[in-house]
Amino acid sequence: MPQGVFLASQDVNDPRSINIQTVANLADQIPADQAKLRAEVEKAATHLRAIFPPNNKQFDSYFTQLVALAQGGLAGPNANPTIASQFLEEWKYDIVVSEGPRVKVQYMRALLQKALLFGLGPALMGICFYLINSHWNGPLRQDISLQIRDFTLVWFGCMIGAWISFGARKPKLAFEDIAVLEEDQLTPGLRLIFVGIMTMVFTLLFFLQVVTLKIGPVSTTAISHNPYVSVLVGVLCGLAEKLLPGKLLKESTKFFSV
């Protein structure tokens, strides 16, 4: 077996960090597999700190295992990075099985709470405008009330769609997902507001018929007089939250290139 060129231990100054140093006289002889394992171990330690808060007993247990496998793969005369890498994958799998469901349910619950908080008010407002509109006279008042109704219903649909989107995109979490559920690292509330505002911009484009989409017999041209289409458009925009920024940028480029 190759000589381990590193020393691995728990950091004295920061007990939640792992300290991996190169042996002085072996600094120019680092094998590729050991260098790769070192990077993976340090990355795993970073994710572990993100998953568990300070003073957590589960963190201590998993961290002790991580230090041990790092020592087995990187240090000493019998270092075996291949076996250590296998143990690392098993270690990640154990965390995914034990912590993945908790983290996912916790995030989806928080996202749903924010979606209902942000969406129910506008939905009720839209229903009120729909009821009030039936007692108002004059086309102008009807047009204004209908437009407000449709925008509020689109917003409500978007909140629900964005919630469904997370569950659809993340049916199974990987180890890295547990620490960072979304690449953009937005909080649930900020994510919903961001997606909602983009959806409102697209709704304006649909109202003005700058952009027209059609699915079967349903077209976005019906958004101005069909509340069901309004909700559906909002849900679809929420589901397509990852595509909205690129689509919006594309439409903006078309507008300013004219």
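Q: Buried means under 20% relative accessible area, exposed over 50%, and partly exposed in between (1.4 Å probe, protein chains only). On that scale, is Gln-185 buried or exposed?

A: Gln-185 is exposed, because its relative accessible area is 60%. The model is predicted, so local features need pLDDT of at least 70 and side-chain atom pairs count only at pLDDT 80 or more, while totals for chains, interfaces and linings use all residues. Residues are numbered from 1 along each chain as its sequence is written, and side-chain values use heavy atoms, with hydrogens and water left out.

Q: What is the phi of Gln-185, and where in the chain is Gln-185 found?

A: Its phi is positive, about 60°, although the residue is not a glycine. Gln-185 is in the loop between α5 (175-179) and α6 (188-207); helices (H or I, at least four residues) and strands (E, at least two) are DSSP runs, numbered from the N terminus. Asn-55 is another non-glycine residue with a positive phi, near 60°. Asn-55 lies in the loop between α1 (32-51) and α2, and counts as exposed because its relative accessibility is 82%.

Q: How many helices and strands are there in the protein?

A: There are eight helices and four strands. Along the sequence they follow the pattern β-β-α-α-α-α-α-α-β-β-α-α. The radius of gyration is 26 Å, well over the 18 Å that the globule rule gives for 258 residues, so the protein is more spread out than a compact globule. That radius is taken over C-alpha atoms, and the rule is 2.2 Å times the number of residues to the power 0.38.

Q: What does the C-alpha trace span along its principal axes?

A: The span is about 90 × 45 × 35 Å. Of the 258 residues, 39% are buried. A local distance can be read as well: Thr-46 and Asp-28 are 18 residues apart along the chain, and their C-alpha atoms are separated by 26 Å. Thr-46 is found in helix α1 and is partly exposed, at 42% relative accessible area.

Q: How many aromatic pairs does the structure hold?

A: It holds seven. Rings of Phe, Tyr and Trp (its six-membered ring) pair if their centres lie within 6.5 Å; planes under 30 degrees apart count as stacked, over 60 as edge-to-face and the rest as tilted. The rings of Phe-59 and Phe-63 are stacked, because their centres are 5.4 Å apart and their planes are at 15°. These two residues are four apart in helix α2 (residues 57-74), so about one helical turn separates them. Phe-59 and Phe-63 are both buried. Elsewhere, ring pairs join Phe-52, Tyr-62, Trp-91 and Phe-175 into a cluster.

Q: Which ring does the charged end of Arg-16 sit over?

A: That of Phe-59, with the charged end 4.2 Å from the ring centre. A charge sits over a ring if NZ of Lys or CZ of Arg is within 6 Å of the ring centre and within 35 degrees of the ring normal.

Q: How many salt bridges does the structure hold?

A: Side chains of opposite charge can pair when their charged atoms come close. The structure holds twelve salt bridges, each a side-chain nitrogen of Lys or Arg within 4 Å of a carboxyl oxygen of Asp or Glu. One of them joins Arg-149 and Asp-150 at 2.8 Å, N to O, and both of these residues are buried.

Q: Which residue forms a salt bridge with Glu-182 at 3.3 Å?

A: Lys-242 does, the distance being that between the closest N and O atoms. The pair links distant parts of the chain, 60 residues apart: Lys-242 is in the loop between α7 and α8 (244-257), and Glu-182 is in the loop between α5 and α6. Lys-242 is partly exposed at 42% relative accessibility, whereas Glu-182 is buried at 4% relative accessible area. Salt bridges with shared partners join Arg-169, Glu-182, Asp-184, Arg-191, Glu-241 and Lys-242 into one network. Within it, Glu-182 forms a salt bridge with Arg-191, with the closest N and O atoms 3.8 Å apart.

Q: Which residues form the nonpolar patch on the surface?

A: Ile-164, Ile-215, Val-218, Leu-232, Leu-236 and Leu-239 form it, with about 450 Å² of accessible area together. Patches are made of residues with over 30% relative accessible area and no salt bridge, where like charges are joined within 9 Å and nonpolar side chains (Val, Leu, Ile, Met, Phe, Trp, Tyr) within 5 Å. Accessible areas come from the Shrake-Rupley method with a 1.4 Å probe, and for residues only the protein chains shown count as cover. Helix α7 (residues 227-239) gives the most to the patch, with three residues. Leu-232 is found in helix α7 and is partly exposed, with a relative accessible area of 37%.
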